[in-house]
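Colleague: Could you walk me through reading charged and polar pairs in a model like this one?

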Amino acid sequence: PEGLPGANEDVTLEGAKSVTADATVPLRVRSLTVPTGVTLAIQPVSAFSTMEKLLSKAVETDYLPTTVEVVSGLTVAGTLKVGKIHSLSQVTVAADAISIAEGGKLYLYAGYTDAVYGSTNFWAEGGAAVVANTISVATNAWIYPQCEGLSGSPVVFDVDRMTVSAGGGVN
């Protein structure tokens, strides 16, 4: 869509402190850099204050997936949050290489799914997936995957190689 970066663009959030992007369409860029001191939140359009409200008031647009697709490199030296607590949105982060630089933080929030209860309609796909050839986590850098609290929908990593430096981690 007009006004959004395209698949052939390199995006660096310089000069910003905090940017929130509602994920009504997938974000696809060549590279994405979140520098030190910057927070980027890419989240579904809606989320709910409680799971009860989510299950009783959800509408079709609440199921739109939250997708961040980076053709080459995703570098996080600041904070990147993808997804939102109490949402129905399936989250996907895909990049050839993901680098969490020193002091960087990547938060991933899985969305609710009814698939874990054996439903055949799969009205809520939920969950979260991280797909990459390589992930590197520097010293004092962290990835925080958060499973969805009611259905237990997980954050899944599909990675060829992951390197975690001493003092960094996945929590």
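Predicted model: local features only at pLDDT ≥ 70, side-chain atom pairs only at ≥ 80, totals over all residues.

Colleague: How many salt bridges does a search of the whole structure find?

Modeller: Side chains of opposite charge can pair when their charged atoms come close. A salt bridge here is a side-chain nitrogen of Lys or Arg within 4 Å of a carboxyl oxygen of Asp or Glu. The search finds two. In one, Arg28 and Glu69 meet at 3.0 Å, N to O. Arg28 lies in strand E3 and Glu69 in strand E6 (residues 66–76), so the pair ties together parts 41 residues apart in sequence. Strands (E, at least two residues) are DSSP runs, numbered from the N terminus.

Colleague: And which residue forms a salt bridge with Asp10?

Modeller: Arg30, with the closest N and O atoms 2.9 Å apart.

Colleague: What joins the side chains of Asn133 and Asp96?

Modeller: A polar contact of 2.3 Å. The term means a pair of N or O atoms within 3.5 Å; within protein, one must be able to donate a hydrogen and the other to accept it, and residues adjacent in sequence count only if both atoms are side-chain atoms. Asn133 itself sits in strand E10 (residues 128–137). Its C-alpha atom is separated by 4.9 Å from that of Asp160, 27 residues apart along the chain.

How values were computed
Residues numbered from 1 in each chain as written. Heavy atoms only, no water. Helix = DSSP H or I, 4+ residues; strand = E, 2+ residues; numbered from the N terminus.
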